[in-house]
Amino acid sequence: MTSATDPEASPQSPFSRYKYHVLVATYLAVTSFFFYRVYRQPFSRAIKSEQYETIFKGTSLAAVVGGVAMSSAGRAKYRRHREGS
């Protein structure tokens with residue numbers, strides 16, 4: 001038995017259907033943009049490699065946090081935490 005508030009019963013918007021595709025595309029675009037900025041800098045290879053590592057860590061962390069926030073499990077966990085407080 002499904003209710004009207006059940007996400008499987010209601011029609012999905014295009015964003016909710018492709019939200020993870022949008023997240024991956026945004027991650028790739030942002031990471032590529034910052035990698036290209038580092039590539040154009042006139043620093044030594046050692047400094048650039050540290051910058052690449054920092055960019056990769058930062059954008060990966062942001063993508064993971066965004067994915068958890070967009071997932072229904074992440075929202076439900078946040079909602080339970082807020083209701084309990």
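How many salt bridges does the count come to, taking one as a side-chain nitrogen of Lys or Arg within 4 Å of a carboxyl oxygen of Asp or Glu? The count comes to one. The model is predicted, so local features need pLDDT of at least 70 and side-chain atom pairs count only at pLDDT 80 or more, while totals for chains, interfaces and linings use all residues. Residues are numbered from 1 along each chain as its sequence is written, and side-chain values use heavy atoms, with hydrogens and water left out.

The salt bridge joins the side chains of Glu 53 and Lys 57, at 3.1 Å from N to O. Both sit in helix H3, four residues apart, which puts about one helical turn between them. As for cover, buried means under 20% relative accessible area, exposed over 50%, and partly exposed in between (1.4 Å probe, protein chains only). Glu 53 is partly exposed at 44%, whereas Lys 57 is exposed at 51%.

Helices here are DSSP runs (H or I, at least four residues), numbered from the N terminus. H3 has 26 residues and, at 1.5 Å a residue, should span 38 Å; its end C-alpha atoms lie 37 Å apart, which agrees. That expected span is 1.5 Å times one less than the number of residues. Buried residues of H3 include Lys 48, Ile 55 and Gly 67, and the buried residues of this helix pack against helix H2 (19-39).

Ser 71 has 16% relative accessibility and so counts as buried. A polar atom of its side chain lies 2.9 Å from the backbone oxygen of Val 68.

Methods: Polar contact = N/O pair within 3.5 Å; in protein donor to acceptor, adjacent residues only side chain to side chain. Helix = DSSP H or I, 4+ residues; strand = E, 2+ residues; numbered from the N terminus. Contact = heavy atoms within 4.5 Å.
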